[in-house]
Amino acid sequence: MEQLQAAAPAADSRRRRPVPNQAEAGAGRPKRSEPIQSVGERPLQRLATGYGEFDRVLGGGLVPGSLVLLGGDPGIGKSTLLLQSCRSMAGRTSVLYVSAEESAQQVKLRWRRLAEVPGEEVTGAEGADFQLLAETDLELVLQELEALRPAVAIIDSIQALHDAELGSAPGSVAQVRECAAALARIAKRQNTALLLVGHVTKEGMLAGPKVLEHLVDAVLTFEGDRFASHRLLRAAKNRFGATHELGVFEMRDRGLAEVTNPSELFLGGDEPSAGTATIVACEGTRPLVVELQSLVSTTSYASPRRTATGIGTNRLHQILAVLEKHLGLPLSRFDCYLAVAGGLEVEEPAADLGVAAAVVASYRDLTMPPGTVLVGELGLGGQLRPVGQLELRLSEAARLGFTRAVVPKGTGLAKVAAGLGLQLLEASTVAAALVAALGVNPSHEG
């Protein structure tokens, strides 16, 4: 015991490092910390990518020295989006494109295909500041970044780079982690905006270690059906802007084109039909007018089917239970199918009232009056809850020519709606809201 007590002070003294006095600290030693008030501020000059939708999701453009990770399914258009952005930025700033998956000739062919004029050559100012490197060796890529010091660099893709000092194969956890860390260090040191293309797994998650998402400043996902024309760019993480922003593109024969009015993309035809309802969803700060379609039919199974596309299935089950409980509709004996037009994913609860209206309209074979939008969250007690950004939603609906809006009671936006030319129908319960929207009591037959 005495030996242990004697050894404890010695071990404790080894752990404690001597604290230098002020004279020693100032003699050639780097300053370790400083008051936050004394930290100098520099104006943030963002680099425009040339595409407003891309800049919107980034928060206004690329921040010098930042790392952006772009993930998406194979063939969705990640490389096309970045190559088009390079084409736009090359005339204004220096750009380095590192292709670790394609040869330089393949990239050149794709560059020409994306040209506005068929057969256009990469000449003049357009390609003067665009440097292309087809390489997978991390050391050579770092040397090129050090030599050129570009304002923007693209790595396509991070999983294809290989660090020769590591024995593992390209794409492994260790390779991705070390390659990303090395690129991050040089990007921060040189103030280079770095965009990394990332693969995804079969589950739709970004491939590689989770530390990769923590390391970068922004994580963007490029989504969409490969057999449909539109693509959705989302921000899952952004240190320099809002998350969950949405950019909409359309894939055409010569690359991606911006969709400046995406609400028209997610609306159905002009002819109203039974079982449809229109909502105004918000993706970040962008309002989107979206059509919901529902089909309710008698089931031929012991357990009725519930299928939802673009809306969470659990959310649909909850809304059906509320309608059966508070409106007396025997929906447990019917199959129910729900879809969001255009393939958009709507996760926010503001779509609840629209889902309920579409289901009831299909069950009663009713058609929603033209020019009607519905916004509101549905509580388990059948009450309507208020939602955020309602004024922004109403403005978007009025811009597209809608004349009636069914919303939760107590919004205080009657004057705003009147100024927009909207008839505001407020309701406190789902039953009252459906009566206002459909013009009939949905709990009564006929």
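Mentor: We begin with how an axis is drawn: it is a line fitted to C-alpha atoms, for helices over the stretch in contact, and angles run from 0 to 180 degrees between N-to-C directions. Helices (H or I, at least four residues) and strands (E, at least two) are DSSP runs, numbered from the N terminus. This is a predicted model, in which local features need pLDDT of at least 70 and side-chain atom pairs count only at pLDDT 80 or more, while totals for chains, interfaces and linings use all residues. Residues are numbered from 1 along each chain as its sequence is written, and side-chain values use heavy atoms, with hydrogens and water left out.

Trainee: How many helices and strands does the protein have?

Mentor: There are 14 helices and 18 strands in the protein. Contact means heavy atoms within 4.5 Å, and among contacts between residues at least 6 apart in sequence, 68% join residues at least 24 apart.

Trainee: At what angle do the axes of helix H4 and helix H5 cross?

Mentor: The axes of H4 (residues 78-89) and H5 (residues 104-113) cross at roughly 70° and come within 10 Å. Angles under 35 degrees count as roughly parallel, over 145 as roughly antiparallel, 65 to 115 as roughly perpendicular and the rest as oblique, so H4 is roughly perpendicular to H5. On the H4 side, Ser-79, Thr-80, Leu-83 and Arg-87 meet Val-107, Arg-110, Trp-111 and Arg-113 of H5. For classes, Ala, Val, Leu, Ile, Met, Phe, Trp, Tyr, Cys and Pro count as nonpolar, Asp, Glu, Lys and Arg as charged, and the others, Gly among them, as polar; the contact of H4 with H5 has three nonpolar, two polar and three charged residues.

Trainee: Is H4 mostly covered or uncovered?

Mentor: Buried means under 20% relative accessible area, exposed over 50%, and partly exposed in between (1.4 Å probe, protein chains only). H4 is mostly covered, with 11 of its 12 residues buried. Gln-84, found in helix H4, is buried with a relative accessible area of 5%. Leaving aside its neighbours within four places in sequence, Gln-84 is in contact with Tyr-51, Leu-114, Arg-254, Gly-255 and Leu-256.

Trainee: Which residues make the contact between H11 and H14?

Mentor: Helix H11 (residues 352-364) and helix H14 (residues 430-438) pack at an angle of about 65°, with their axes 11 Å apart. Leu-353, Ala-356, Ala-357, Val-360 and Ala-361 of H11 make the contact with Val-430, Ala-433, Leu-434 and Leu-438 of H14. By class, this contact has nine nonpolar, no polar and no charged residues. As for H11 itself, 13 of its 13 residues are buried, and just after this helix Asp-365 takes a positive phi of about 55°.

Trainee: Which residues does Leu-212 touch, not counting residues up to four places away in sequence?

Mentor: Leu-212, which lies in helix H9 (residues 211-215), touches Leu-69, Ile-158, Val-176, Ala-180 and Ala-207 on that count. The C-alpha atoms of Leu-212 and Leu-69 are separated by 8.6 Å, although the two residues are 143 residues apart along the chain. Leu-212 is buried, with a relative accessible area of 4%, and of the 446 residues of the protein, 45% count as buried.
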